[in-house]
Amino acid sequence: MEKANKCTGCFACADVCPKHCISAAITDEGFHAPVVDSSLCIHCGRCDQACKMASSVGSNRIGQIFACQNLDESKLTRSSSGGIFVELAMHIIGNGGAVFGAAADQKLGIAHCMATDEESLSPLLGSKYVQSATIGIYRQVAEQLKKGRKVLFAGTPCQVAALYAVLGNKTENLYTVDFVCHGVPSPGVWKQYCFWLEKKFDKKLASVRFREKRPFGWTHFALAFSDDTQQPVFCEENQKNLFMQLFQQNKLLRASCYHCAHKKLAKHSDLTIADYWEGERFFPETAEQGISAVLVNSDKGKELFEEIRGNVLAKETTLKEFATVNRSLLFPAIRPFKRREILRTLMLNGFGDYAKDYLYAGRFEGFLARICRAIQKIGVMIILRKSGRN
């Protein structure tokens, strides 16, 4: 299996293990990492094989790209951006299928789970800015496919790649959706942040919305918490929120995110969804309610998107237009100098106001980050030109 700094935490290794001898441990940075029980291991090599496949480049290629917005205002309001995933999911469920995605539990831990109706789908909606736990989930997908059900799996690009590594060629009724991923924050640091808020407000947090559009709108979304009676406890605009600022400054991400193998035009997924930032020109009157980008990567993806197209506004755009406003499609996050120190300190000492000190980079680091962003902007044009998509 991959070394610690390359491991994505996808846990394909655990789900292919015939002896179930791989479990999860929490690192000093707060991430889940695979641990092998050597007393049970038979050295079959299936974990290594799955790991290599999950780290490989996909065979699908980005085709058509659309700026989209759900026609149903209620679905649009409770979605993170343009309300596309809910339509894809409801279509699969409406045809007797199952949907897999990330959800928060009552302790605000994030894990993948299955939905088969509208009620169980609700927790899967919306972005989660924490790496989700996936041990056992790929096996569950395989079980549903064996029953002949259609399955929609949504996850990070590395989780989608992991699913295919586990399933092999048994994917006839499988549809996959990934998203343009900025990187996954530490689950351990997230728990420390939640503990800190509970102490600060003397309330038990029971639910969270990472992308609450009210009252600030889509472009200035808020991180919002409620208690077990669904009464609001805390709501703060993302640009002012300490956890979100540290995330957006790349300081809470998994080590593998800084050299992600999936920042390419080749994809494993059938569809890729994302925010379409600076896409106001497509839907000027309703832009602040959210706009999604939909990248069609395969014939199966095209088929699924066409099934829901009547429920959304969709305007075709180009790869060049989209990639220039969302460079995370092609480039990984830039690693801050003190990332490891920050994560270890937050895990060891807990979250607190002192974390504000980590928001400020030194002049040299800030200068390098600006240089890297400028290089990425030029790099987008070079990559698209070489691929013939400029």
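Student: Which residues in α8 meet which residues in α12?

Tutor: A word on the basis comes before the contact itself. This is a predicted model, in which local features need pLDDT of at least 70 and side-chain atom pairs count only at pLDDT 80 or more, whereas totals for chains, interfaces and linings use all residues. Residues are numbered from 1 along each chain as its sequence is written, and side-chain values use heavy atoms, with hydrogens and water left out.

From α8, Gly188, Val189 and Gln192 meet Leu343, Leu346 and Met347 of α12, where contact means heavy atoms within 4.5 Å. By class, this contact of α8 with α12 has four nonpolar, two polar and no charged residues; Ala, Val, Leu, Ile, Met, Phe, Trp, Tyr, Cys and Pro count as nonpolar, Asp, Glu, Lys and Arg as charged, and the others, Gly among them, as polar.

As for geometry, the axes of α8 (residues 187–201) and α12 (residues 339–349) come within 9 Å and cross at roughly 45°. That makes α8 oblique to α12, since angles under 35 degrees count as roughly parallel, over 145 as roughly antiparallel, 65 to 115 as roughly perpendicular and the rest as oblique. The crossing of α8 and α12 is left-handed, a term for a near helix turned anticlockwise from the far one by less than a right angle.

Within α12, the buried residues (under 20% relative accessible area, with a 1.4 Å probe and protein chains only) are Arg339, Ile342, Leu343, Thr345, Leu346 and Met347. The buried residues of α12 pack against α8 and also against β1 (22–26). After α12 comes glycine 350, whose phi is positive, near 85°.

Leaving aside neighbours within four places in sequence, phenylalanine 351 is in contact with Val189, Gln192, Tyr193, Trp196, Leu242, Phe243, Leu246 and Leu346.

Methods:
Axes fitted to C-alpha atoms, helices over the stretch in contact; angles between N-to-C directions. Helix = DSSP H or I, 4+ residues; strand = E, 2+ residues; numbered from the N terminus. Buried < 20%, exposed > 50% of the residue type's maximum accessible area, 1.4 Å probe, protein only.
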